[in-house]
Amino acid sequence: MPTAATKILISGASIAGPMLAFWLSKYGFDVTVVERAASLRLGGQNIDVNGPARKIIRMMGLEETVRAANTTEIGTQFVNADNEAEATFSKDDPNGLTQELEILRGDLVSILYEASRDKADYRFDDYITGLTQDTNGVDVTFNSGKTERFELVIAADGIRSRTRKLMVGDEPMFNYLGLCTAYLTIPKGPTDTNWARWYTADDRRVILLRPDNKGTTRASFNFLLPQDEYDKLTPADYKPLLKEKIQNAGWEAPRLAREFDTNDDIYFDGVGQIKAPNWSNGRLALTGDAAYCPAPVTGKGTTLAMVGAYVLAGELATHAHYQDAFASYEKRLRPYVESVQKLPPGVPWIVYPKSKLGVFVLNKAFAVAASDAVKKLIGLFSKKDDKHAEEEAEFDLPEYTV
Ligand SMILES: Cc1cc2nc3c(=O)[nH]c(=O)nc-3n(C[C@H](O)[C@H](O)[C@H](O)COP(=O)(O)OP(=O)(O)OC[C@H]3O[C@@H](n4cnc5c(N)ncnc54)[C@H](O)[C@@H]3O)c2cc1C
């Protein structure tokens, strides 16, 4: 194990960064976290802590804290243009969207930060601009003009990480999946309930409205966009594009269209996966979305970020040499990442029908899947309602004794 004085710099304070900071400092490393934003970025929608991530949260003593921050969502309804539920999946349904530990992304970021802030040196409003490594360490320059030497540097700064480029080169790694998403928080309306409501419109569009525990509603608008059109987009195009795409979508589209005019906190991005060929280069390494973003369509981005950070810290704590630790981290995690990144055929296009008939057929398919008979049939084969079996089956989480 490296000595307790080993200085490690982490770039990014969202999910992967604070998780890594928690475990590294627990193992005795000297940890600094640099975050580009002036404070924690607490935006975003419902995410869930599932599979091996739930086990890690339990090991950190945070399961009840996460449970207490539950979004209050009781399940998902697939609704038609008249807001009638065509299919309903309750929270207890192992095949539904709503999971047991459903939490707002911002609440989870806060919980992980609070759990690690006393043990690590967090620095906001700064970022890495240069990295020069030699046999004994890494000289880091920051945008603030500061320079400092660390023994290891880890990028946990997300799908659009620029630190990744400084670490492993600028080979294109973002694989666009043909889908764009806008996330925004909107005032609660009279039709909002404790159900998530999923509405499929024609022309390959989906609107999702979900309750939160803050008295507001979390909205997302999703639509397919070909690669060549996506490649031409600049930030100035986002709002006009959203307003154009939501026209005549029906249901609560006018409500969202008004928000696109007035809401200043819209997070818009193409949905894609990161497949970095190497997760380390000498004393520099990647984790979380920066290394292997699986895309929100998998529902596993947060889980992979948490598991990856935990494994990386454990491998560093249990190997004498960082090269062996980085190699072992990648060897353990890559098969799991690759299995999550393997999308079923037709995803995401299959749930984005072009015609009104396609929408009708899809809603009927959801209704069949939600029917008691099919649920019983699936229940015969599914183990998803056995949480411990799910945790074990998904990934063999190592327990590090340090
Ligand atoms: C504001 C925001 C909202 C999101 N909303 C959703 C959502 O609604 N649903 C969903 O599925 N996923 C969402 N995500 C992505 C989700 O958090 C990740 O997919 C997943 O949890 C993995 O987390 P991560 O820590 O690897 O990366 P991220 O969560 O992307 O965090 C990266 C962090 O690094 C910081 N950063 C970026 N560049 C630098 C730099 N050069 N130097 C230092 N710090 C830097 C960012 O400010 C951010 O805090 C959101 C991410 C952000 C940042």
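Arg-204 sits in the loop between β13 (195–201) and β14 (205–211); helices here (H or I, at least four residues) and strands (E, at least two) are DSSP runs, numbered from the N terminus. This is a predicted model, in which local features need pLDDT of at least 70 and side-chain atom pairs count only at pLDDT 80 or more, while totals for chains, interfaces and linings use all residues. Residues are numbered from 1 along each chain as its sequence is written, and side-chain values use heavy atoms, with hydrogens and water left out.

**Around the ligand**

- The ligand is surrounded by 26 residues, and the closest are Ser-14, Ala-16, Glu-35, Gln-45 and Asp-289; a residue belongs here if one of its heavy atoms lies within 4 Å of the molecule.
- By type, the shell residues are nine nonpolar, 11 polar and six charged. In this sorting Ala, Val, Leu, Ile, Met, Phe, Trp, Tyr, Cys and Pro count as nonpolar, Asp, Glu, Lys and Arg as charged, and the others, Gly among them, as polar.
- Ser-14 places a polar side-chain atom 2.6 Å from an oxygen atom of the ligand, and Asp-289 has a polar side-chain atom 2.5 Å from an oxygen atom of the ligand.
- The backbone takes part too: a polar backbone atom of Ile-15 is 3.1 Å from a ligand oxygen atom. A polar contact is a pair of N or O atoms within 3.5 Å; within protein, one must be able to donate a hydrogen and the other to accept it, and residues adjacent in sequence count only if both atoms are side-chain atoms.
- Taken alone, the ligand exposes 920 Å², and the protein buries 89% of that. Accessible areas come from the Shrake-Rupley method with a 1.4 Å probe; for residues, only the protein chains shown count as cover.
- Two or more shell residues come from each of β2 (30–35) and α10 (301–318), and α10 gives the largest share, three residues.

**Nonpolar cores**

- The largest nonpolar core has 82 residues, and Val-153, Leu-316 and Leu-333 have the most contacts inside it. Such a core is a set of buried Ala, Val, Leu, Ile, Met, Phe, Trp, Tyr and Cys residues joined through side-chain atoms within 4.5 Å.
- Helix α10 supplies the largest share of this core, 11 residues.
- Apart from this core lies another, of 26 residues, among them Tyr-176, Leu-184, Tyr-199 and Trp-251.
- Beyond its neighbours within four places in sequence, Val-153 has contacts that include Leu-9, Ile-128, Met-167 and Arg-283, where contact means heavy atoms within 4.5 Å.

**Helix α1 and Ser-25**

- Helix α1 (residues 16–26) is mostly covered, with 10 of its 11 residues buried. Buried means under 20% relative accessible area, exposed over 50%, and partly exposed in between (1.4 Å probe, protein chains only).
- Ser-25 lies in α1 and counts as buried because its relative accessibility is 13%.
- A polar atom of the Ser-25 side chain lies 2.5 Å from the backbone oxygen of Ala-21.
- Not counting residues up to four places away in sequence, Ser-25 touches Val-31 and Lys-119.
- After α1 comes Gly-28, whose phi is positive, near 100 degrees.

- Most residues other than glycine have a negative phi.
- Arg-204 has a positive phi, near 60 degrees, and is partly exposed, with a relative accessible area of 32%.
- Asp-125, in the loop between β7 (121–124) and β8 (128–133), has a positive phi of about 65 degrees.
- Asp-125 counts as exposed because its relative accessible area is 55%.

- Asn-263 lies in the loop between α8 (253–262) and β16 (267–274) and is buried, at 10% relative accessibility.
- The side chain of Asn-263 reaches the backbone oxygen of Thr-185 at 3.0 Å.
- Asn-263 and Leu-184 are 79 residues apart along the chain, with their C-alpha atoms separated by 7.8 Å.
- Tyr-113, in helix α4 (residues 105–116), is buried at a relative accessible area of 12%.
- Setting aside residues up to four places away in sequence, Tyr-113 touches Pro-18, Leu-40, Tyr-122 and Phe-124.
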